[in-house]
Each structure stands twice: as C-alpha cells, then as structure tokens.
Amino acid sequence: MELLLLFFYITGFTCFSVGILTIPYYPLSLAFEMRKSKQNIFNSKNPFVSIVVPAYNEGKVIGHCIKSIIESNYSEYEVILVDDGSSDNTLEEMQRYETNSHVIVVTKKNGGKASALNVGLSLAKGEVIFFVDADGMFAPDTISKMLSGFSSEDVGAVCGNDAPINVNNLQTKLATLLTHVGTGFVRRALSAIDCLPVVSGNIGAFRYSTLEKTGPFLEGFIGEDIELTWRVHKAGYKIVFQPWAIVYAEAPSTITGLWKQRVRWARGLLKTAYIHRDMLFNPKYGPFAFYLPINLTSMIIIPLLQLISIILLPILLFLNINPIPLNWIGIMGWLGMFSAIFALLFSIALDRAWFDLKYFYVVPLWVLYSLMMDVVMLWAIIVELRREEAKWNKLDRTGIVSR
C-alpha cells in the first residue's frame, strides 16, 4: 500500500500539468517580446511569394480563403490552388478566381495532402513559399508580417499564429482560449531559444532555398508539417514564430472531429520522433536536439502518467486513503489549475486579446479536455504499435465565420 501511495504522489503531480510545464516559458516569452527585429534579408525589398493552398472537398471554405489572400495588402505574390481530386465543388470554387492574374488552379488525382503540397511547390516561382490550409483566412497584413520573421540569412522558416474562426460553441470557445497558451505563449518561448518543433500547416513560410536543401514534404505521411520542420532544424536553419501574422481557421466543433484531429497529430509526432530519433541529444543539431527529449516527455510520457494517476485516485479513496486534501483548493492544486489559469491570463496578455476573456467561463472544461488529450496519446501509441494505416481524416467543414 505504501508503494501504491508513493507512486500516486510521483505521478499525481503531473496531472493536467500543462500549466505547471509552462512556468519556465514565462521569462522566455517576455524575452521574445523584447527581442529586436533585424532588417529582412531577401533578394529584393518586396520578395515574390508563392502561396500554396491544397484542398480536398473544401468547397464550403475555399472561397473565403482565396478571397482573404487576394485582398491582402501585399502585391508581389501568386496563389497556387491545388485540388486533390475533390468530389464536391472545390474545383469549381477555385476556378471562379482564375480570372485573377495572381491565381493558378491545378487539379490532380487524389493522393493526400503532402502530394498536393508538393505539386504546388513544383510550380512555385517565389523566393518564399507559403503553405496554407484551405480553411485559412488571412488578415490584410498576414503576408507582410510573415516576411518580417525572416530576420537573418539563417532563418529558414517562419510559423504564423492561427486562431479559430468558428467560435460558436463551448468547444471552439475553449479552443480559442487554449490557442493563446499552446500557440501564442509556448511558441514564443520556444522560438526565443531556437527550439520551435513545428511550422504549422495552417500558416507556414519557407525560403525556397531552404526547401532545396531539405527536400519536399514526405508523401503518405500524416504529420508532414512537423516532419519537414525537423528536417529544417537538421539542415541547420533557425525557425521563427511570428505571433502577429494571423490566419483564422476552423477549429474542430465536435468531439469526434477533435478526436480524429488530435490522434492524427499524435501519430504524426510519434512517427516523426521515430524517423528522426538520431537527433535526440546530438550536439550536431544544436539546442533543438536537447529540447526534443523534454518535448517528447511532456507530449508522450506525462500524458500516460496522468492517466495512471487518475486511475489510482479512486482506488485510494475506495481504500479510505486520502492522498490529496479533498477540498476545492486541494483538488484544484492537484489538477494544476492555478498555474494553468495564470498561464492562460499571461498568454492572453501577450496576444493582447482581452476580448477573448469573455469566454473565460469555459475554463473548467479544460480538465476534461486535458484528460481527453491523455487518452488520445494512449490510443495513438496503440494504433502505431498495431501498424494501422495512417489516414488524414480531415475535418468536416462547417463554413462558419464568427469573427
């Protein structure tokens, strides 16, 4: 019994530890905000940009995406729209914009997102290549803000900041709050120490010269964005987060959609970690190699420990052993909610998104969300061990625009 109780205490402190784990990021995030930007380094003052938009059955949203791009305040660009064999009206929606001199429309047999991205890349003429999901909506200055992230020759890629566009139910309101923590806050900190582990598929930009060295996206791979990001690190480039380059995109609005998306992401992480396991602790790859074990521990090991601690708690209570104070302060502390709430408020302040505080009443759902993410990782590990086929399982779009 003493061993059971000891194990509970060892694992219990990790329960819902997103808030606890982000504590070291506070000074790093502030350092990122105070870091001075250098002058952009390109072949010209306004480099030509290629924006690749892959789409499969995105008829509900692709029009909003294209319209937002062509209404940008940046003029030196092309938009390469790649229809990946859609069975809906996606291609017809794309062709509505072919009269615009900036727009190129391509259609191909269905082969998956990475293959569509590579088709677009093969046609791109830009010095900088943007990769954007079909549900993404640009702000007028998104392109110029992204380009400002390329502050030196050794910056090979820039990750933008995505935010939910469909804030119409409790789940997407929670997603709006958590985006500030996981994206705006944590990515600032990781960018400050050159350890950003992913360039978001929603909004990412790469120098063409960088992609010439790394090669294209890995086809037939469901975590193509994170896998390419690790190759950029491997090639010796820095990756920068640009929090003010905003793209609005649909967040999963159903539990089923959220589950499919997060299992896909988790499997992508597991596959990428296996492919690039030679990077861990390898000084050849700089600080990123020493951050990776920390990242993988927090993303893979700790969720499993959290599940164990959740299972142990009712067992101990059934045995009349109270491992934590059974009052609201004790339970909140054990769940890590105090530090999580502080992280959330700090993140909103960094993003200057005070208007999102109106969704604060959904914070208690964070507990259930965290538990679900723990189960997601466990299931992702199980299906990987089974070597089940990895499918993209893209979201069913709603077309809702609430911002």
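**A colleague's note on the predicted chain**

1. Of the contacts in the chain with a separation of 6 or more, 82% are between residues 24 or more positions apart, contact meaning heavy atoms within 4.5 Å. Please keep in mind that this is a predicted model, in which local features need pLDDT of at least 70 and side-chain atom pairs count only at pLDDT 80 or more, while totals for chains, interfaces and linings use all residues. Residues are numbered from 1 along each chain as its sequence is written, and side-chain values use heavy atoms, with hydrogens and water left out.

2. Now the overall make-up. The chain has 15 helices and eight strands; these are DSSP runs numbered from the N terminus, helices being H or I with at least four residues and strands E with at least two. Of the 403 residues, 55% are buried (under 20% relative accessible area, with exposed over 50% and partly exposed in between, using a 1.4 Å probe and protein chains only).

3. Helix H6, residues 113-123, is worth a look: eight of its 11 residues are buried, so the rest of the structure largely encloses it. The buried ones are Lys113, Ala114, Ser115, Ala116, Leu117, Asn118, Gly120 and Leu121. Their cover includes strands E1 (49-55), E2 (77-83) and E4 (128-132), together with helices H9 (208-214) and H10.

4. H10 itself (residues 224-234) packs with helix H11 (residues 255-275) at an angle of about 30°, their axes lying 8 Å apart. That makes H10 roughly parallel to H11 (angles under 35 degrees count as roughly parallel, over 145 as roughly antiparallel, 65 to 115 as roughly perpendicular and the rest as oblique). Here axes are lines fitted to C-alpha atoms, for helices over the stretch in contact, and angles run from 0 to 180 degrees between N-to-C directions. The crossing is right-handed, that is, the near helix is turned clockwise from the far one by less than a right angle.

5. Which residues of H10 and H11 meet? Ile226, Glu227 and Trp230 come from H10, and Gly268, Leu269, Thr272 and Ala273 from H11. By type, the residues of this contact are four nonpolar, two polar and one charged (Ala, Val, Leu, Ile, Met, Phe, Trp, Tyr, Cys and Pro count as nonpolar, Asp, Glu, Lys and Arg as charged, and the others, Gly among them, as polar).

6. Valine 158 sits in strand E6 (residues 155-164) and counts as buried, since its relative accessibility is 0%. Its C-alpha atom is separated by 5.2 Å from that of alanine 205, 47 residues apart along the chain. Leaving aside neighbours within four places in sequence, valine 158 is in contact with residues including Phe150, Val199, Ala205 and Val240.

7. Serine 200 lies in the loop between helix H8 (170-192) and strand E7 (203-207). Although in a loop, serine 200 counts as buried at 9% relative accessibility. Beyond its neighbours within four places in sequence, serine 200 is in contact with Cys159, Asp162, Arg187 and Asp225.

8. Threonine 297, in helix H12 (residues 287-318), is partly exposed, with a relative accessible area of 35%. Not counting residues up to four places away in sequence, threonine 297 touches Ile302 and Pro303.

9. Finally, helix H15 (residues 365-385): at 1.5 Å a residue, its 21 residues should span 30 Å, and the end C-alpha atoms are 30 Å apart, which agrees. The expected span is 1.5 Å times one less than the number of residues. Among the buried residues of H15 are Trp366, Tyr369, Met373, Met377 and Ala380. Arginine 387, which follows H15, has a positive phi near 60°.
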